[in-house]
Amino acid sequence: MTSTSRTAWCGPACQVVWQGRGYPPPPMPIKYAVAVLRDHDAIVNAIACADPARAEAAPRAHLSGTLANIDNIRARFSDYFP
């Protein structure tokens with residue numbers, strides 16, 4: 001990805017989720033991609049460290065950010081929400 005890119009993929013974990021639904025992952029602005037990757041990293045690290053409290057808190061934090069923006073996400077990526 002170049003420094004001039006305006007969008008990025010959300011990372012391997014996100015790609016697996018979207019592929020399971022039969023869609024490629026949506027491109028997203030860099031600032032959101034960075035946040036998604038940070039959140040996914042926190043989830044993986046919590047699981048890898050066998051830390052149940054963090055393993056529960058990290059996905060909750062990630063999904064609360066998604067749910068807070070769900071109307072914008074649905075509008076921008078309406079093809080992903082049948």
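This is a predicted model: local features need pLDDT of at least 70, side-chain atom pairs count only at pLDDT 80 or more; totals for chains, interfaces and linings use all residues.
Is aspartate 51 buried, partly exposed or exposed? With a relative accessible area of 25%, aspartate 51 is partly exposed.

The side chain of aspartate 51 meets that of arginine 54 in a salt bridge, at 3.7 Å from N to O. Arginine 54 is likewise classed as partly exposed, at 38% relative accessibility.

This pair belongs to a set of three salt bridges in the structure.

Glutamate 56 is partly exposed, its relative accessible area being 46%, while arginine 60 counts as exposed at 55%.

A further bridge links aspartate 39 and arginine 38, whose closest N and O atoms are 3.4 Å apart. Here aspartate 39 counts as buried, with 18% relative accessibility, whereas arginine 38 is exposed, at 54%. Aspartate 39 is counted as buried because its 18% falls under the 20% limit for that class.

I close with histidine 40. This residue lies in helix 2, residues 30-48, and is buried, with a relative accessible area of 13%. What does its side chain contact? The side chain of histidine 40 makes a polar contact with the side chain of histidine 62, at 3.3 Å.

Conventions: Residues are numbered from 1 along each chain as its sequence is written. Side-chain values use heavy atoms; hydrogens and water are left out. Helices (H or I, at least four residues) and strands (E, at least two) are DSSP runs, numbered from the N terminus. Buried means under 20% relative accessible area, exposed over 50%, partly exposed in between (1.4 Å probe, protein chains only). A polar contact is a pair of N or O atoms within 3.5 Å; within protein, one must be able to donate a hydrogen and the other to accept it, and residues adjacent in sequence count only if both atoms are side-chain atoms. A salt bridge is a side-chain nitrogen of Lys or Arg within 4 Å of a carboxyl oxygen of Asp or Glu.
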